[in-house]
Amino acid sequence: MQGLRVVELGCGLGLPSLAAALGGADVLATDWAEEAVALLRRNADQLAALLPRLGTETLLAEPGRPHARAFLERLGAEPAGERLFRIRLP
């Protein structure tokens with residue numbers, strides 16, 4: 001995702017934005033609820049420190065968002081169960 005510009009509308013917890021930013025994208029996460037954006041800011045610092053310590057494989061639960069398929073394909077996600085995907089990092 002290095003060099004890409006990403007906008008997430010209605011970011012909620014902002015997990016796609018966090019993943020894109022960790023992959024090198026320039027990210028703008030938006031939400032109508034100011035609390036959601038504030039929570040995303042707090043989560044970003046913690047997640048950035050945590051992910052590298054988790055290893056090279058991540059499991060991601062996806063509840064059926066309309067545009068999740070393209071996001072998961074871009075990450076090279078593999079099905080690992082019902083609405084559960086495995087992402088392998090280099």
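Guide: R88 counts as partly exposed, at 47% relative accessibility. Here buried means under 20% relative accessible area, exposed means over 50%, and partly exposed lies in between, with a 1.4 Å probe and protein chains only. This is a predicted model, in which local features need pLDDT of at least 70 and side-chain atom pairs count only at pLDDT 80 or more, while totals for chains, interfaces and linings use all residues. Residues are numbered from 1 along each chain as its sequence is written, and side-chain values use heavy atoms, with hydrogens and water left out.

The partner of R88 is E78. The two form a salt bridge, and their closest N and O atoms are 3.4 Å apart. The term covers a side-chain nitrogen of Lys or Arg within 4 Å of a carboxyl oxygen of Asp or Glu. The structure holds one such bridge. It ties together distant parts of the chain: E78 is in strand β4 (residues 78-81), R88 is in strand β5, and 10 residues separate them. E78 is partly exposed too, with a relative accessible area of 33%.

Between these two strands runs a loop, and R83 lies in it. Its phi is near 60°, a positive value in a residue other than glycine. Most residues other than glycine have a negative phi. R83 is partly exposed, with a relative accessible area of 47%.

Now the core. The largest nonpolar core has five residues: A68, L72, A77, F85 and I87. Such a core is a set of buried Ala, Val, Leu, Ile, Met, Phe, Trp, Tyr and Cys residues joined through side-chain atoms within 4.5 Å. The elements giving two or more residues to this core are α3 and β5. Follow A77. Leaving aside neighbours within four places in sequence, A77 is in contact (heavy atoms within 4.5 Å) with L72, F85, R86 and I87.

Step back to the fold. The protein has three helices and five strands. Helices (H or I, at least four residues) and strands (E, at least two) are DSSP runs, numbered from the N terminus. The order from the N terminus is β-α-β-α-β-α-β-β. Of the 90 residues, 20% count as buried. Among contacts with a separation of 6 or more, 36% join residues 24 or more positions apart.

C11 is buried, at 5% relative accessibility. With residues up to four places away in sequence not counted, C11 touches A29, T30, D31 and L40. C11 and A29 are 18 residues apart along the chain, and their C-alpha atoms are separated by 5.8 Å.

A29 sits in strand β2. A29 is buried, with a relative accessible area of 18%. Neighbours within four places aside, A29 is in contact with E8, C11, S17, V37 and L40. P16 is 13 residues from A29 in sequence and 9.2 Å away in space, C-alpha to C-alpha.

Rolling a probe the size of a water molecule over the atoms shows where empty space is left. On a 1 Å grid over the protein atoms alone, with a 1.4 Å probe, a pocket is an open set of points with protein on both sides within 12 Å along at least five of seven lines, and lining residues have an atom within 4 Å of a point.

The pocket is lined by 38 residues, of which L15, P16, A19, F71 and L75 lie nearest its centre. Elements giving two or more residues to the lining are β1 (5-9), α1 (15-22), α2 (34-54), β3 (57-61), α3 (68-74) and β5 (84-88). The largest share, seven residues, comes from α1. By type, the lining divides into 26 nonpolar, seven polar and five charged residues. Ala, Val, Leu, Ile, Met, Phe, Trp, Tyr, Cys and Pro count as nonpolar, Asp, Glu, Lys and Arg as charged, and the others, Gly among them, as polar.

One last stop: G24, in the loop between α1 and β2 (26-30). G24 counts as partly exposed, at 26% relative accessibility. Leaving aside neighbours within four places in sequence, G24 is in contact with M1, Q2 and G3. G24 and Q2 are 22 residues apart in sequence and 4.2 Å apart in space, C-alpha to C-alpha.
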